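This report walks through one structure, residue by residue and element by element. Look at the sequence and the fold first.

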Amino acid sequence: MTMLRQIKAQTPLGYMYITTDNNYVVRIAMSPDGSIVTSDADSMLERTVVNEIEEYFKGKRQQFSFPVYLGGGTSFQQQVWRELQRIGYGYTATYGDIAERIGNKGASRAVGIACNRNPLLLAVPCHRVVGAKELGGFACGTYIKEFLLELEGRYK
């Protein structure tokens, strides 16, 4: 059985909570998973994740190298999450763009729901998905979405 561990990383936005199993990052969120006790980063994977997140917020990292596991969610949500990983640093796509890219042109609302349920904040960059005419929502709050897009040079 895989043991899940939760660590935290200090960011300009407050703490990010990272859940790992032995080999992968399975969750990155702004709030802790109350079912898992938070501990210090002591594995190589945990130290790598914390370091890379710190580098991202300092503007020194545009891609993450740590392995992630996209478990849970529906097959549609997983398809959306995989497509989100293709949006590069400093770029955005609309909900409609993502729906079209996955071959489901009329599913922009469902793409928004998938973004809202994204278990891997930053690693699966749902903050890079915007509305056609407005910024769009964000599970962590639109001010965080704005902050991340400003950090990446996409929102002023």
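Thr20 is buried, at a relative accessible area of 2%. Buried means under 20% relative accessible area, exposed over 50%, and partly exposed in between, with a 1.4 Å probe and protein chains only. The model is predicted: local features need pLDDT of at least 70, side-chain atom pairs count only at pLDDT 80 or more, and totals for chains, interfaces and linings use all residues. Residues are numbered from 1 along each chain as its sequence is written, and side-chain values use heavy atoms, with hydrogens and water left out.

**Around Thr20**

Thr20 lies in strand β2. Helices (H or I, at least four residues) and strands (E, at least two) are DSSP runs, numbered from the N terminus. Which side chain makes a polar contact with the side chain of Thr20? That of Glu46 does, at 3.4 Å. A polar contact is a pair of N or O atoms within 3.5 Å; within protein, one must be able to donate a hydrogen and the other to accept it, and residues adjacent in sequence count only if both atoms are side-chain atoms. Beyond four places in sequence, Thr20 is in contact (heavy atoms within 4.5 Å) with Met3, Leu4, Arg5, Val25, Val26, Leu45 and Glu46.

**Helix α2**

Helix α2 spans residues 75-84, and its buried residues are Gln77, Val80, Trp81, Glu83 and Leu84. Down the helix axis they fall within an arc of 160°, so they line one face of α2. The arc is that of the directions from the helix axis to the C-beta atoms. An α-helix has 3.6 residues a turn, so residues three or four places apart point the same way. The buried residues of α2 pack against α3 (95-101), α4 (108-116) and β5 (129-130).

Glu83 belongs to this helix. Its relative accessibility is 10%, so Glu83 counts as buried. Setting aside neighbours within four places in sequence, Glu83 contacts Ile98, Arg101 and Ile102.

**The nonpolar core**

The largest nonpolar core has 40 residues, and Ile28 and Leu84 have the most contacts inside it. Such a core is a set of buried Ala, Val, Leu, Ile, Met, Phe, Trp, Tyr and Cys residues joined through side-chain atoms within 4.5 Å. Elements giving two or more residues to this core include β1 (5-11), β3 (25-29) and α5 (142-151). The largest share, six residues, comes from α1. Residues that Ile28 touches, not counting those up to four places away in sequence, include Met16, Phe66, Pro119 and Leu121.

**Aromatic pairs**

The whole structure holds seven aromatic pairs. Rings of Phe, Tyr and Trp (its six-membered ring) pair if their centres lie within 6.5 Å; planes under 30 degrees apart count as stacked, over 60 as edge-to-face and the rest as tilted. Two of the pairs are shown here.

| Pair | Centre distance | Plane angle | Type |
|---|---|---|---|
| Tyr56 and Tyr89 | 6.2 Å | 85° | edge-to-face |
| Phe57 and Phe147 | 6.3 Å | 40° | tilted |

Tyr56 sits in helix α1 and Tyr89 in the loop between α2 and β4 (93-94), 33 residues apart. Both tyrosines, Tyr56 and Tyr89, are buried. Phe57 is in α1 and Phe147 in α5, so their pair ties together parts 90 residues apart in sequence. Phe57 counts as buried at 10% relative accessibility, whereas Phe147 counts as partly exposed at 29%. One aromatic cluster is formed by Tyr56, Phe57, Phe64, Phe66, Tyr89 and Phe147.
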